[in-house]
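Hello,

Here is the structure for you to look through. Please open it first, then read my notes below.

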Amino acid sequence: MNPLLDVRGLTTEFAVTRKGVAGVVRAVDHVSFHVDRGETLGLVGESGCGKSVTAFSIVGLVQPPGRITAGSIHFEDRDLTGLNQTQMQQVRGARIGFVFQEPMTALNPVFTIGDQIGESLVVHGLASRAAARAKAVELLEAVRIPEPARRARDYPHQLSGGMRQRALIAAAISCRPALLIADEPTTALDVTIQAEILDLLRQMRAQFGLAMLLITHDLGVVAQMADRVAVMYAGRLVEEGSTATVLSSPAHPYTRGLLASLPGSAPGTRLAAIPGTVPDLAALPPGCAFAPRCGDRESRCDAEAPSPSALSATHHVRCYLHVKAG
Amino acid sequence: MMPLVEVRDLVKTFSRRAMPFSRPTVVRAVDGVSFVVSEGETFGLVGESGSGKTTTGRCMLRLIEPTSGRFVFGDKDVFALNAADLRAARRDMQMVFQDPYASLNPRMRAGAIVEEGLVIHGIGTRQERRDRVRELFTLVGLDHGQLERYPHEFSGGQRQRIGLARALALRPSLLVADEPVSALDVSIQAQIINLFMDLQQALALTLVFIAHDLRLVRHLCTRVAVMYRGRIVETGRTEDVFREPAHPYTRALLSAVPTPIAGAATARVVFDAAASNLDAPLRTVAPGHDAAI
């Protein structure tokens, strides 16, 4: 059976003008991964690594000057890159739900929570206005918001951050999508609220058989939620494998560095920080983008970026450490 | 060790009105907070949003005026100082802010931002100040070639280094750092935390570290106070508090932190505020370890 979502060689570029010179920034560079039905893939990386642009590319929300310049995105056996706006709208919200990081900006302040949750049902012709209103109350109950009938009539500002995120999840799953894309769904929340939202996502996943693409910078969240994990750096996927394997035996120096830099092992000692900073996407080195910060750098790293090599059937890495020289 | 910082019964209330002419309601953002910090110690103030940790830090430096309480800093009674004496006292206590994007004046060059405090306090000649700024740039790991650059030309981590250089310019003995790394990427966070540790050693700084990241606090702080709704609910040596949390809220907070180990057992404790006595005073549960239970 084909995977639910199969992204191959996805490349998304932004046309930029810097100091009067036109150029192109490649935010996503030949990224390939898949998500099986009911599976959760964690997409991990730091700001500017292209993880959010990847998600926006999948649902066709990349705005000019950005555009997808190469690759395919097969979802439920259709290539989403070939769809026009109308066709895309039938997929977005209906078959793929989306939860954004900032629950305040993702909700429209002038409409009630209930209206916004019911909206996609109406837009996709799955319910009348009146039926959508009743369904919204059911969904609020499903995401465990107390007094759902009253809350459906509330406006976003009347809800706490955690409640707003619950309401957004309710909206995202309203049409029973097969895939939920959650972009840093708990980053803006307190740690106890984060734990509640992660619990809720787990419950929704089990109840509705959802597949999830979970975008996060937090390896702790990945460990708790994801079956598999893909690590991005400077627009490229550098490592991919089962969460247990990648977190216990990371193969790419960047993944190793991220894990080692986390506080936890020996209080009061210096942390194993990764030196340097994330490179400017407009001025990437010709070889591996991580090479300037890498402790295992070899001369060939600067010449050409390594292609992915398989450490096992399910564990892939892009690093010369795992490619024999010559 | 002498306590350098002694905060007693700090209270800060804000009044707000639901509607323009309605009766104001009083919010006790900080509600009777007391703690001491020894010279050279790193003291962590942890809690979630609305716990009062940031307000506590800002009151200490009188960036906002406290409603009542006392803050003895060395031999000074900070809350009793007049404006001139407060200005002089501020040389010795400085703050590092959370958002390195909002806390640096975008129209000033990095060197001038770091120098500003020296100018305001009339310290040194122009040349001496310039030399001091260069020294500070080296201290925080910035390049002298970056002195003339504007804040937007720096990354988040570098901006936090500028913020730190500015705070250290006047050679303070106390640094209050409010979430100094929470806006930074993971790989950069570790660099800045290392810098804090190095500087604290080299300059014998006393550090009040305000944060919500428990892993970070555990790593950096020798003692810690956990705040909830304006009060300290538990305080003690970091290892004691993390190993044997006595307050149900501390337990809930610790259990909510996701560990980066796949399949790690997560028996989450949920804190039920309604079922807890939130007015319970702090009492000693073990030597040097107090909890409000």
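Start with B:Val241. This residue is buried, because 28 other C-beta atoms lie within 10 Å. (Buried means 20 or more other C-beta atoms within 10 Å of the residue's own, exposed means 12 or fewer, and partly exposed is in between; C-beta atoms are placed from the backbone.) B:Val241 sits in helix 8 of chain B, residues 238-243. (Helices are DSSP runs of H or I with at least four residues, strands are DSSP runs of E with at least two, and both are numbered from the N terminus.)

What does B:Val241 contact, leaving aside its neighbours within four places in sequence? The partners are B:Val224, B:Val226, B:Glu234, B:Gly236, B:Thr250 and B:His289. (Two residues are in contact if their C-beta atoms, placed from the backbone, lie within 7 Å.) B:Val270 is 29 residues along the chain from B:Val241, and their C-alpha atoms are 18 Å apart.

A word on the source: this is a predicted model, where local features need pLDDT of at least 70 and side-chain atom pairs count only at pLDDT 80 or more, while totals for chains, interfaces and linings use all residues. Residues are numbered from 1 along each chain as its sequence is written, and chains are lettered from A and ligands numbered from 1 in the order in which they are written.

Now chain A as a whole. It has 12 helices and 12 strands. Its C-alpha trace spans about 70 × 50 × 45 Å along the principal axes. Take the contacts in chain A between residues at least 6 apart in sequence: 63% of them join residues at least 24 apart.

Next, where the chains meet. In total, 31 residues of chain B are in contact with 32 residues of chain A. Helix 6 of chain B gives the most to its side, with 8 residues. By class, that side of chain B has 15 nonpolar, 11 polar and 5 charged residues. (Ala, Val, Leu, Ile, Met, Phe, Trp, Tyr, Cys and Pro count as nonpolar, Asp, Glu, Lys and Arg as charged, and the others, Gly among them, as polar.)

Last, the backbone. Most residues other than glycine have a negative phi, and most peptide bonds are trans.

- A:Pro64 and A:Pro65 are joined by a cis peptide bond, with omega about 10 degrees.
- A:His30, in strand 2 of chain A, has a positive phi near 50 degrees. It is partly exposed, with 17 C-beta neighbours inside 10 Å.
- B:Asp9, in strand 1 of chain B, has a positive phi near 50 degrees. It is partly exposed, with 13 C-beta neighbours inside 10 Å.

Best wishes
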